[in-house]
Amino acid sequence: MNNIAYLQVRLGDYAQAYELHFESLKLARELGHVPYQVDAMIWLGHECSKLGRTEQGVAYAREALALAGREGMRLLESAAATTLSELLLDDGQAEEADKILERNMSLIVDTGDQEGLSEALTVWGRVQRRLGQLPQAEQSLQEAVRLCRAICYPTQEAAALLELALVAEEVGNLRGALDLTREHHELKTKLHTEDIQRRTQA
């Protein structure tokens with residue numbers, strides 16, 4: 001069920017993905033399978049955000065973070081921390097998002113999950129930009145781009161490039177902002193073509 005829900009996420013059908021992950025969460029609770037519960041709640045948080053239900057998404061992410069922490073599931077705990085921070089940022093709570101990432105960044109690094117680290121750095125860069133911490137934001141986002149290129153993670157690279165362009169614009173580096181925006185759009189065009197092919201196959 002989780003695999004089918006993930007496919008729906010990739011296809012952009014977040015409403016269907018939400019329904020599937022919600023059913024998965026109910027089953028995981030009935031079976032007492034904690035890792036599946038945490039995983040489902042993390043995805044539900046993402047899907048709530050896409051569906052305009054950020055407050056509900058924050059609640060799922062908080063529960064996922066607390067449960068993963070109690071059970072010592074470090075990889076899921078780090079994913080939940082990143083998800084919660086992103087949702088809090090979208091809900092206008094940048095300062096709390098910053099505190100959560102600062103508190104959990106060493107955990108995220110220690111897991112060795114490079115994809116997860118690139119996602120966390122991108123979110124932190126967004127948070128830092130929102131708080132006016134532009135040098136820190138630039139550093140976080142540059143490291144995210146470097147990681148994404150090293151592990152071939154183009155979707156996250158595109159997101160980091162866009163944020164980096166916004167930072168460049170805010171510090172007055174308009175040429176740099178233009179170049180970064182161009183890189184972002186070229187990568188998004190490539191990803192869009194691949195997405196059409198994936199939808200056809202699905």
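Guide: The largest share of the lining of the largest pocket, nine residues, is supplied by α5. This is a predicted model, in which local features need pLDDT of at least 70 and side-chain atom pairs count only at pLDDT 80 or more, while totals for chains, interfaces and linings use all residues. Residues are numbered from 1 along each chain as its sequence is written, and side-chain values use heavy atoms, with hydrogens and water left out.

A pocket here is an open set of points on a 1 Å grid over the protein atoms alone, where a 1.4 Å probe fits, with protein on both sides within 12 Å along at least five of seven lines; lining residues have an atom within 4 Å of a point. The space in the largest pocket comes to about 1,900 Å³, a volume being the space filled by probe spheres set on the points, which are joined across faces, edges and corners. Its lining consists of 49 residues, and H46, E119, Y153, T155 and Q156 lie nearest the centre. At least two lining residues come from each of α1 (2–10), α3 (34–50), α5 (74–90), α7 (114–130), α9 (154–170) and α10 (174–201). Helices are DSSP runs (H or I, at least four residues), as strands are (E, at least two), numbered from the N terminus. By class, the lining has 20 nonpolar, 13 polar and 16 charged residues; Ala, Val, Leu, Ile, Met, Phe, Trp, Tyr, Cys and Pro count as nonpolar, Asp, Glu, Lys and Arg as charged, and the others, Gly among them, as polar.

Along its principal axes the C-alpha trace spans about 55 × 40 × 30 Å.

Of the 202 residues, 46% count as buried, that is, under 20% relative accessible area with a 1.4 Å probe and protein chains only. The largest nonpolar core has 52 residues, and V38, Y60, L84, L101, M105 and V127 touch the most other members. Such a core joins buried Ala, Val, Leu, Ile, Met, Phe, Trp, Tyr and Cys residues through side-chain atoms within 4.5 Å.

Note on methods. Buried means under 20% relative accessible area, exposed over 50%, partly exposed in between (1.4 Å probe, protein chains only).
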